[in-house]
Amino acid sequence: MPEDYKAPLPRPTPESRPFWDGCKQHELRLQRCRDCGEAYFYPRNVCPGCLSANVEWFRASGHGKVHTFSVVYAGGRNPPLELPFVLAVIELDEGVRVMSNLVGVPADPEQIRCDMPVVVEFADVTEQVTLPRFRPA
Amino acid sequence: MSREKRRAQRGTIAIVGAAESDVVGKQPEKSALMLHAEGARNALADAGLSVRDVEAVLSTGRQTANDIPEYLGIRPRYMDNTQMGGCSFIAHLEHALGLINAGVAEVVLITHGESGRSRIGMEGTGFAPESPAGQYEMPFGIGGPATRYALAAARHMHEYGTTREQLAEVAVATRKWACLNPRAAMREPITVADVLQSRQVSWPFNLLDCCLVTDGGGALVVTSAERAADCQQQPVWVLGTGEATCHAIISQMPRFHVWDAAIRSGERAFEMSGARHADIDLAMFYDAFTIVPILALEALGFCGLGEGGPFVAGQRTAPGGAFPMNTNGGGLSYTHSGMYGMYLLVEAVKQLRGECGERQVKGAKTAICHGTGGILSAAATAILSTER
């Protein structure tokens with residue numbers, strides 16, 4: 001675990017607590033609507049497809065694709081990884097998109113492709129917080 | 001609301017005063033509120049109206065709806081603090097249309113003031129760590145807006161083959177307009193090679209793909225057709241308006257390569273106005289990053305989806321080109337205080353009145369202003385004309 005991790009940290013809220021607790025257990029959790037069947041992210045108490053409150057948590061596969069990305073050379077104060085790093089939006093197999101970092105690949109736009117397959121891994125950045133990251137599958 | 005009802009409002013309100021703060025650029029001696037006030041004073045003087053004529057104040061920034069009226073000594077009967085990002089002031093025009101036509105107010109003041117660079121009176125900016133952005137995006141290093149707009153640019157390049165050279169064409173053409181504007185911050189000509197060799201920020205953007213960060217303000221005075229007839233300035237008529245939102249945080253953008261909010265706001269504005277694309281003499285498109293005008297050109301139907309890169313090639317949007325765009329020098333080279341939408345509107349009004357000197361688009365009668373709010377989250381469009 002990094003000694004003095006300074007990058008911004010999430011502050012979980014009642015609706016997001018199961019997601020962040022899941023990350024801590026190295027388990028990627030999503031929600032699904034029991035009425036319309038839609039899987040969704042980010043955590044909400046209502047389904048963004050139909051506004052039903054009849055929603056449940058489930059464990060996601062952790063597999064997906066890089067939907068889009070940027071190689072960040074100047075990312076403001078306290079970046080989460082050493083510069084340059086890869087910021088990416090991952091489209092999970094369940095059909096939802098999450099922002100994350102792509103690791104295990106050089107931070108070089110020539111070496112990354114939109115739609116390349118990836119799989120989740122977990123980074124315990126502090127005692128309290130674990131972040132999902134993705135690497136090439 | 002029926003299409004007929006919208007169309008009937010075409011040309012029912014006019015911009016009769018438009019101005020910026022005395023100076024735009026680096027102004028460490030001024031707070032955000034001072035910049036609001038300078039814009040308001042200058043716009044009311046431009047209109048030949050008094051602060052006592054103002055019945056509604058539409059504004060946004062770090063302030064509540066109460067703050068601007070108090071600072072300016074106005075007791076409005078209607079306040080609107082709609083905050084959808086940099087295009088808010090264009091959306092305020094649509095709100096003014098509703099207000100004026102509903103008889104709520106006849107003289108509407110829209111103000112902007114932002115100490116984007118010097119950060120005077122700008123406390124409270126940034127995302128709370130419990131907000132959606134704070135939980136699901138900030139921890140991954142989004143930093144400033146460049147990284148997030150880059151995500152749209154990268155997918156656009158992937159889907160359509162848009163090139164970094166095409167992005168750079170936007171920066172080069174916009175700089176040429178800035179060279180004709182004595183108030184512009186950046187007035188040295190640049191080349192495509194200069195853009196591609198400038199400092200890397202967030203691929204595919206280099207420094208010259210990114211807008212400036214400055215201090216500035218501005219305001220508009222908007223009124224009914226009846227009242228406009230008595231004002232000292234030639235009225236600039238509001239023919240059509242539209243606004244839309246499609247997400248808040250960029251990771252939830254429905255299609256990264258297509259600006260859905262802009263499609264919706266643009267369709268509404270064009271439909272209300274009755275204008276055709278061929279009628280547009282001037283395009284003022286928010287250029288926070290070089291990809292944004294390209295997305296706007298496609299979403300608003302000036303070219304097909306995916307054709308924005310080829311559209312801007314060959315300096316088509318530069319002075320002397322077939323498609324005059326961002327004639328003040330844009331957020332890229334003129335000024336960009338953070339919520340840039342006000343400057344799009346002020347420049348369009350000044351162009352339509354023929355007040356732009358060396359950079360004047362000859363015979364410009366009809367202009368389109370279009371902005372982004374958030375990270376392509378919202379969009380607002382206005383079509384303005386010298387003729388009703």
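Visitor: Leaving aside its neighbours within four places in sequence, which residues is B:L345 in contact with?

Guide: The model is a predicted one. Setting aside the neighbours within four places in sequence, B:L345 is in contact with B:A18, B:F89, B:I90, B:L220 and B:C369. B:L345 also belongs to the largest nonpolar core, a set of 155 residues, where B:V108, B:L345 and B:L384 are the residues with the most contacts inside the core. Apart from this core lies another, of five residues, which include B:A178, B:A184, B:M186 and B:Y334.

Helix α4 of chain B, residues 88–101, packs with helix α14 of chain B, residues 341–352, at an angle of about 65 degrees, and their axes are 6 Å apart. On the side of α4(B), the contact is made by B:S88, B:F89 and B:I90, while α14(B) contributes B:G341, B:M342 and B:L345. By class, the residues of this contact comprise four nonpolar, two polar and no charged.

The strands of chain B come next. An open sheet of nine strands has the order β3-β2-β4-β7-β1-β8-β11-β10-β9 in chain B, with mixed pairing. At its edges stand β3 (78–80) and β9 (282–285) of chain B, each of which pairs on one side only. With direction ignored, neighbouring strands of the sheet are turned by 25 degrees against each other on average. Within chain B, strand β4 (residues 107–115) and strand β7 (residues 215–224) run antiparallel and are joined by nine bridges. One residue pair illustrates this: B:L109 has B:V221 as its bridge partner in β7(B).

Further helices lie across these strands. Helix α2 of chain B, residues 32–47, lies across β1 (13–20), β2 (56–59), β4 and β7 of chain B, and runs at about 145 degrees to β4(B). Helix α10 of chain B, residues 260–273, lies across β8 (236–245), β10 (366–373) and β11 (378–385) of chain B, and its direction is at about 150 degrees to β8(B).

Finally, chain B has a side that touches chain A. The contact takes 27 residues from chain B and 32 residues from chain A. On the side of chain B, the elements that give two or more residues are α5 (132–136), α6 (145–160) and β5 (200–202). The largest share, six residues, comes from α6(B). By class, this side of chain B has 13 nonpolar, 11 polar and three charged residues.

Technical notes: Residues numbered from 1 in each chain as written. Chains lettered and ligands numbered in written order. Predicted model: local features only at pLDDT ≥ 70, side-chain atom pairs only at ≥ 80, totals over all residues. Contact = placed C-beta atoms within 7 Å. Helix = DSSP H or I, 4+ residues; strand = E, 2+ residues; numbered from the N terminus. Nonpolar A, V, L, I, M, F, W, Y, C, P; charged D, E, K, R; others polar. Core = buried A, V, L, I, M, F, W, Y, C linked by C-beta atoms within 7 Å. Buried ≥ 20, exposed ≤ 12 C-beta atoms within 10 Å, placed from the backbone. Axes fitted to C-alpha atoms, helices over the stretch in contact; angles between N-to-C directions. Pairing = 2+ DSSP bridges.
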